[in-house]
Amino acid sequence: MSQILGAPSTGLIPLIPYPDGDLLEVRNLLNDEERESYERVREYLQDVVRPASVDYWNEEEFAFDLLPGLAKVGLGEIELSDTSWLYRGLVYAEAARADVSLSALVGIHNELILGMIQQLGSEEQRSTWLPRLRTFEAIGAFALTEPDHGSDIAGGLETTATRDGDEWIINGSKRWIGAGTIADFALVWARDTEDLQVKAFLVETDRPGYRASKIRNKMGLRIMQNADIELDDVRIPAENHLPGAVDFSSANEMLRNSRVWVGWQAYGLQMAAFDVAREYAVNRTQFGRPIAKFQLMQQALAEIAGNAHANLGLMIQVARSQEEGTLDMMRAAMGKSIGTRLARESAAKVRAMLGGNGITSDHEASKIFCDAEILYTYEGTYEINSLIVGRAVTGISAFV
């Protein structure tokens, strides 16, 4: 490090001992097999996915042609692997470093689709869908949020499921459902009209009465095809109910883990901001010298790196609690809320560092900036997750 921090200026850009931004050398916490896999995943994401994602993001189009490659490096079956929680988190972060939208697909696919069918599904549901999901041959959507119920969905859910002989009839509306327009099926959470418990149902998207329309003009997460879904007397076989999803508490573990995953996304997005900021600072010349020589630029770059690694340190501890089986909703909420707050700050810094060039997506800065806003809000808003932490430290709920 003395080569960077203490060396006199020679007019040359010094060699960087951490060119990939891993200032804490966290990859050394992985075992040899996981580290090799991590490097392979990272290389594919940086070399192929990251450069290809910008045009898809600009056009609000889904990148179907990237799915086989994501599957080839194992991103379709992370949840079914025996890898450590730290490895999974770092891989989710690298996916976000390449593109937040596609990392959202990978995270939801693993944490909420694959995981839900594996843990709560029947043997028939697992044998039918898991092989296809592992390779992204099939895509699922997690249909929980509704037009009038987001933060209060646990108690306010209005979509209904009514048993009619050997079938269930599903009625209701869902909103902000990722992959809702391109999915082969949706895992729909609905309230059983008989016992009033919230249960989960596998609804194939080609069934009569299922309609999905793309939510357009989003400021971020533009590759992900979020949808409004209408379910109008959709009939499904009785066996499409997930037998392990008998009430809303069945989703608690998966929703908790999905908050953790967003904390890792926040770290990955900040590493993308670091990449862009450093490359631009080293290569952009003003007043006859690289702007990396200006103190304001170095300070901003150091703050982005510091924010990212503060986020990383928190997430390493969260991963440790997952390994030990002590993860609770407070820790998950803290990881999500603090990480996304820092990501928002880092994204604003890189956008400002690029000046006018930070306004377009050409250098990725505006793309990162806009995607940071989505992380701040989805999977439980920053404010709601902060209140979960507040409830834990005071013993007093601010929700009621």
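Predicted model: local features only at pLDDT ≥ 70, side-chain atom pairs only at ≥ 80, totals over all residues.
Strand 2 covers residues 160–164 and strand 3 covers residues 167–177. The two strands run antiparallel and are joined by five bridges. Within this pairing, Ala 161 is placed opposite Ile 170 of strand 3. Strands 2 and 3 form a hairpin with two residues between them, and Gly 165 there adopts a positive phi near 65°.

Strand 3 also pairs with strand 7, again in the antiparallel sense, through eight bridges. One of the residue pairs across these strands consists of Trp 168 and its bridge partner in strand 7, Ile 236.

Strand 7 spans residues 227–237 and includes Asp 232. When residues up to four places away in sequence are not counted, Asp 232 touches Ile 170, Asn 171, Gly 209 and Arg 211. The relative accessible area of Asp 232 is 43%. Asp 232 is therefore classed as partly exposed, because this class lies between the limits of 20% and 50%.

Asn 307 has a relative accessibility of 10% and so counts as buried, the cut-off being under 20%. Apart from neighbours within four places in sequence, Asn 307 is in contact with Gln 270, Leu 342, Glu 345 and Ser 346.

A distance was also computed between Asp 232 and Ile 304. These residues are 72 residues apart along the chain, and their C-alpha atoms are separated by 48 Å.

Definitions and conventions: Residues numbered from 1 in each chain as written. Heavy atoms only, no water. Helix = DSSP H or I, 4+ residues; strand = E, 2+ residues; numbered from the N terminus. Buried < 20%, exposed > 50% of the residue type's maximum accessible area, 1.4 Å probe, protein only. Contact = heavy atoms within 4.5 Å. Pairing = 2+ DSSP bridges.
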